[in-house]
Amino acid sequence: MLDSILYAGIDIGSSYTKVVLIDQNNDIQGSNIDFSGIKLHSAAETSLKAALPKNTNLTAVKKIVTTGFGRKIPAINQIPFANITEISCSAKAAQLFYPNKTLTIIDIGGQDTKIISMRNGKRTNFKMNRKCAAGTGTFIEELALKLRIDLGEMNTLASKSTNPEKISSYCTVFAASEVLSRIRKGAKIEDMIYGAFYSIVNRVLEIDTINTDVVLTGGLIAYNPIIADIFKEVLGKSMLLPPSPQLFVALGAALYASQLK
Amino acid sequence: MNTGDLYNLTKSPPIKSTQELRKISTAYFKDLEASSNDPNQKIAWCSSVGPAELLLALGFKVYYPENHTAMLGTSRLANKYIPAAIAQGYSPEICSYLTSDIGAFLHKETPFTKAYGLKEVPKPDVLAFNTNQCRDIQDWFNWYSKKLNIPIIGINSPSFVDDVKENHIHSVVTQLKDMIPVLEKISDQSFEKKKLNHIVNLSFQCSEKWQEVLETAKVAPSPITFWDSCIHMLPAVVLRGSQIAIDYYKMLKEELIERIENNEAAVPNEEFRIYWEGMPIWGKIRSLSEHLCDSQTSVVASTYCSSWIFTDLGSSTNEPFTNMAKAYTKLFINRSESSKEDYLIDKFKTFNIDGVIFHNARTCPNNSNTNYGMPKRLENRQNIPSIVIDADLNDLNVYSEEQTKTKIDAFVEQLAGV
């Protein structure tokens, strides 16, 4: 791999930094996911190095596009770079997987959720959640924290639900209190967690109307496939899931990097 | 707390007339201070689209609390003061102009001290409001009325008006006339229609000139942005009814015409032309102006700055009450959804707009046209893309810098076809 030419997409999210490396044929040659932490530039550089294929060093990376909440970091190793929003990067990745399609991308991130409309492969519109954690990954993180449950266990628990409970509170903080209170009164924990995922889907569907096929992306989808089942139930249609939903935006960024002049 | 230079909040090339703006603004506030200390000179506090001309005609010096509270926002002092008003029982969800202004009063502080050397806001002899903007203005003035034991009078305008009809005008004219005896008693001056006519005419001329200034932005690249207009609208608000405001806008317009002739753009390499709908986010004017300027995106027009264009002030000769009633009732904020939509579509065409930024101001639902489906309806009618920014006029606690800038960047990328 010493002579390889790579293009990097670095998606610096509020919770995780995701890196995808592609070659000149748009084939993925490496990827990495790590905590964003406090020092975003350092997280991006470390993740980029960790994503490199064996026996490849950073000089192979010819162009970088950064995206996500922390996209406006300085250059890494003086490699030519640009920053492009995660909305455009999502659309770019969708063009690769679903060329010329009319569809809607729902990207559920740690601190915000985006609904991106594509018509015949071209981005036409986007909407984001209001300044509130309802309908984002933070909602589930907060709940897991309050319930003292490992974040990775939430999907498994929810899938055991036999009688899903509805959460009435919109607010992340109040919802967590409500869940605790109702469990104390006898509700089953798995039914309440299912209800929390259901609540996320409802919040997301309040952002915009959806009349097309839907692609689900983002870390929350990657680790909690039960959300796709709930979307299917609510919208009455199957969801499109790209191979690595959490790396979707980083892949779009890498595709942009390959086209940088 | 950084109050900065309140006249220089944009990244655009400096407007030379700003020097004159500083001069006339300082003179206005100094005059208010002198009047406040003169027992023979009466001061009226007035809502910004209120019955200012009537007050001026009866010899009052007119002070506009909305100007003060916009300064609290611009200088990012509002969040220091809002909690004091909340503690008085006012919800953080209601008008942050009200809460920051009352809070500043309770703190016995004002940005006028740093900007103009005033020790305090001018003391009122009467409070005059018009609910054509919202009910909050009345609540706001009521607080001062009780606190300072000052008489309060006002106009309860018909609201959500579709076509402005004779009965609407009749109601407002009656209320305007009813104010006269109260104001005569306080000012110890007799009402003269001739004087009111003269002042309404001066306001009309000011409005015309202000419109001409704003409409220089029809040219691409625009010589002026919404951000500049937020600063240069000051005379249209506080000095209308005077020759000073008219002369200022003549000067400003000449400068902007010169810019057009020299192809000098407010946003160098202007690529996209944006319309701003809703209140300014006063504490973020510089930040947003710089951010959009860096994206070669010029916010060329707004409903907000156009709200001080009062074409109807000149609609009939020698009918000052009718003209005032028409002008202040036809105000955009006071109108039905369909009237607002028609108005906006006209503006989009006039200014050749590529996209719209709607500001959903948390504490100003009356001046946020995002909550009843308007952005989507306009997109369907005109195919002009838009985004909604969730923020506030003064309360920066409800503003997310990162989310807002990501939305704007993604919007500009969309316009650019990235």
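The domain assignment divides chain A into domain 1 (6-84 + 248-259) and domain 2 (99-239). The structure described here is a predicted model. In chain A, the centres of domain 1 and domain 2, taken over C-alpha atoms, are 27 Å apart. Contact between these two parts of chain A involves six residues of domain 1 and eight residues of domain 2.

The size of an interface is often given as the accessible area lost when the parts come together. For domain 1 of chain A and domain 2 of chain A, this buried area is about 470 Å², and carbon and sulfur atoms give 61% of it. Three residues, Ser14(A), Ser15(A) and Phe248(A), supply 62% of the area that domain 1 of chain A buries against domain 2 of chain A, more than any other three residues. Between these domains of chain A the count of salt bridges is zero.

To their contact, domain 1 of chain B brings 53 residues and domain 2 of chain B brings 49 residues.

Two salt bridges are found across the interface of domain 1 of chain B and domain 2 of chain B. In chain B, a salt bridge joins the side chains of Glu93(B) and Arg362(B), with an N to O distance of 3.1 Å. The interface of domain 1 of chain B and domain 2 of chain B also has 29 residue pairs in polar contact, both residues of each pair being at pLDDT 80 or more. Several elements give two or more residues to the side of domain 1 of chain B that touches domain 2 of chain B, among them α1 (18-36), α3 (65-74) and α8 (166-187) of chain B. The element that gives the most to this side of domain 1 of chain B is α8(B), with seven residues.

The buried residues of α3(B) include Glu66(B), His68(B), Met71(B) and Leu72(B). After α3(B) comes Arg76(B), which has a positive phi, near 55 degrees.

The two chains also meet each other. In this contact, 22 residues of chain A touch 23 residues of chain B. Chain A and chain B bury about 1700 Å² between them, and carbon and sulfur atoms give 45% of that area. Three salt bridges are counted between chain A and chain B. The side chains of Asp208(A) and Lys376(B) form a salt bridge with an N to O distance of 2.3 Å. Between chain A and chain B there are twelve residue pairs in polar contact, with both residues at pLDDT 80 or more. On the side of chain A that touches chain B, α2 (86-97) and β8 (122-128) of chain A each supply at least two residues. The largest share of that side of chain A comes from β8(A), which supplies six residues.

Arg71(A) illustrates contact between the chains at the level of one residue. Arg71(A) is placed in the loop between β4 (61-67) and β5 (81-83) of chain A. Its relative accessibility is 3%, so Arg71(A) counts as buried. The side chain of Arg71(A) makes a polar contact of 2.7 Å with the side chain of Asp409(B). Beyond its neighbours within four places in sequence, Arg71(A) is in contact with several residues, including Asn83(A), Glu86(A), Lys405(B) and Thr406(B).

The cysteines remain to be considered. A disulfide is a covalent bond between the sulfur atoms of two cysteines. How many disulfides does the structure hold over all chains? The number is zero. The cysteine sulfur closest to that of Cys230(B) is in Cys305(B), 4.2 Å away, and therefore too far for a bond, because a disulfide requires the sulfur atoms to be within 2.5 Å. For Cys206(B), the closest cysteine sulfur is also in Cys305(B), but at 13 Å, which is again too far for a bond. Cys230(B) counts as buried, because its relative accessibility is 5%. Cys206(B) also counts as buried, at 1% relative accessibility.

Conventions. Residues are numbered from 1 along each chain as its sequence is written. Chains are lettered from A and ligands numbered from 1 in the order in which they are written. This is a predicted model: local features need pLDDT of at least 70, side-chain atom pairs count only at pLDDT 80 or more; totals for chains, interfaces and linings use all residues. Side-chain values use heavy atoms; hydrogens and water are left out. Buried means under 20% relative accessible area, exposed over 50%, partly exposed in between (1.4 Å probe, protein chains only). Helices (H or I, at least four residues) and strands (E, at least two) are DSSP runs, numbered from the N terminus. A polar contact is a pair of N or O atoms within 3.5 Å; within protein, one must be able to donate a hydrogen and the other to accept it, and residues adjacent in sequence count only if both atoms are side-chain atoms. Contact means heavy atoms within 4.5 Å. A salt bridge is a side-chain nitrogen of Lys or Arg within 4 Å of a carboxyl oxygen of Asp or Glu. Buried area is the accessible area (1.4 Å probe) that two parts lose on being put together, summed over both. Domain bounds come from an automatic or database domain assignment.
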